[in-house]
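Me: Please take a close look at the aromatic rings here. Where do they sit, and what do they bring together?

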Amino acid sequence: MNSNASHVNSVAMKNPGFFTRWFHRMASPVWFYQISGKLLPWLWVLFAVLLVTGLYGGLVTAPADYQQGDSFRIIYVHVPAAWMSMFVYMVMAVSGAIALIWRMKLAEMVMVSCAPIGAGFTFIALVTGSLWGKPMWGAWWVWDARLTAELILLFLYLGVIGLYSAIEDKRMASRAVAILALVGIVNIPIIHYSVEWWNTLHQGATVTKFDKPSIHIDMLIPLLLMAGAFKVFFAISLLLRTRNELLERELPRQWVKQLVEEKDG
Amino acid sequence: MHIAKAFLSVLKRDVTVAFRHRNEIFNPLLFFSLVTLLFPLGIGPSPKLLQTIAPGILWVAALLAALLAADNLFRSDYEDGTLEQLVLSPQPLSLMVTAKVLAHWLVSAVPLLLLTPLLAVSFGLDAPTIGVALLTLLLGTPVLSFVGAIGVALTVSLKRSGMLLALLVLPLYVPVLIFGSNAIDTAASGLPVNGQLYLLAAMLVLAVTLAPLAIAAALKMSVSQ
């Protein structure tokens, strides 16, 4: 009985399932570098298509708002950036968890690469929001819950960046950042539910109400296109940053040296 | 049984050490009262204005005092190697750090609680409001200690970590600040504050149950450097 079980076990070890194989291959730096290199041109094309159609739809074909006039068009940058600011944090925390649990180097690099991109999106969301706020609310900045939460998110990103650069050993720094990212994830639900918690100046969610969205369909489609464009742009910059980080960390390895020789030759 | 004994001995040791270095107890206290003193001087002595901003001042001062006190939570233990022994000990590290944080809260935050009524009276708050202020601090300051301990555990091996610690920890303190000062504010206008107190209690439960795991993981990382 016992030997039988161990036999079954060893067979399972020899023939791992599709998912396990994919998971382990993902973790291999060389494989990642090659695949991401092939993927990048396609992502650029997809990004360009989404961006052009989204911007055209948002700036030209979408009707002006009956209340806000043309100033509402800033949402085509503001809203996708705000969405991404939270989405990037999720990606960072999930890859942080993977890095902590399986000690996967690639997940560490993905996590570390997320932080500056997320900080950038958060910054864009804050700046565009304040540009929109001046004509609409009559003030550059209002101490409203969602704005404040977004600002706190920016500080969370800056904390991650600061901690990573403060610790010399990059593998240790990655572990520290992973713990911090998982702790910070507590903040994301607070951002999300703050709209319901404090009833303040910022308008409530208009898109996620599936039953009866309070945004016109001609305005919604460009917004979704722009959201797609931002997401693809995130994927592109994440891949670029991760490849960079990968080359830096794997510098003494054979395959990186070969790569450099190929470039030179 | 062993675990309970180890927990109590860590708690007792830390409290004893703190009592032998009295300034660790008095410094946060002095800092707390100094910061609250600065506000009337900066804003003006109008009693009505002070009454309105008193909840915020009390909580911001408590927050900064907690941050200042948190810095020496693991510092000396890291430097003399006690922390390494704690990490190597067979008892679960998350429980041992819970004892340390609890001891730290007892010596750094409880004196603050005792001083609060005095400061609150000077800002012209009435007795029921002071009661609520004490309750929010009682529920909120342990959260500050636990969350602060995560930041300290992450940065204890770094040379100059003061600013970094503030950057890591202060954003995480925000929910406590919001509900704590909001509860006092609401109580001052005579409304029920059950909701805010429940939320603070929920945060406390969350902090006590989850933070020790993060602290332990961070300490292991810091010690192995």
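The model is predicted, so local features need pLDDT of at least 70 and side-chain atom pairs 80 or more, while totals for chains, interfaces and linings use all residues. Residues count from 1 along each chain as its sequence is written, chains are lettered from A and ligands numbered from 1 in written order, and side-chain values use heavy atoms, without hydrogens or water.

Now the pairs. Rings of Phe, Tyr and Trp (its six-membered ring) pair if their centres lie within 6.5 Å; planes under 30 degrees apart are stacked, over 60 edge-to-face, and the rest tilted. That rule gives six aromatic pairs over all chains. One of them joins A:Phe47 to A:Phe233. Their centres are 5.3 Å apart, and an angle of 35° between the planes makes the pair tilted. This pair links distant parts of the chain: A:Phe47 and A:Phe233 are 186 residues apart. A:Phe47 belongs to helix 3 (residues 29-61) of chain A, and A:Phe233 to helix 9 (residues 217-249) of chain A. Helices (H or I, at least four residues) and strands (E, at least two) are DSSP runs, numbered from the N terminus.

How accessible is A:Phe47? Its relative accessibility is 13%, so A:Phe47 counts as buried.

Next comes the pair of A:Phe87 and A:Phe234. Here the geometry is edge-to-face, with 6.0 Å between centres and 85° between planes. A:Phe87 lies in helix 4 (residues 75-102) of chain A and A:Phe234 in helix 9 of chain A, so this pair ties together parts 147 residues apart in sequence. Look at cover again. A:Phe234 is buried, with a relative accessible area of 4%. A:Phe87 is partly exposed, at 32% relative accessibility.

A:Phe47 and A:Phe233 share one aromatic cluster with A:Trp44.

Charges come next. A:Lys231 lies over the face of A:Phe87, 4.3 Å from the ring centre. A:Lys170 lies over the face of A:Tyr164, at 4.6 Å from the ring centre. The rule: NZ of Lys or CZ of Arg is within 6 Å of the ring centre and within 35 degrees of the ring normal.

Which elements make up chain A? Chain A has ten helices and zero strands. From the N terminus on, its elements run α-α-α-α-α-α-α-α-α-α. Of the 265 residues in chain A, 42% are buried. Its accessible surface comes to about 14,900 Å², and 67% of that belongs to carbon and sulfur atoms. This surface comes from the Shrake-Rupley method with a 1.4 Å probe; for residues, only the protein chains shown count as cover.

One last stop is B:Leu164. This residue lies in helix 9 (residues 162-188) of chain B. B:Leu164 is buried, at 11% relative accessibility. Leaving out residues up to four places away in sequence, B:Leu164 touches A:Gly162, A:Leu163, A:Ala166, B:Thr155 and B:Leu158.

Note on methods:
Buried < 20%, exposed > 50% of the residue type's maximum accessible area, 1.4 Å probe, protein only. Contact = heavy atoms within 4.5 Å.
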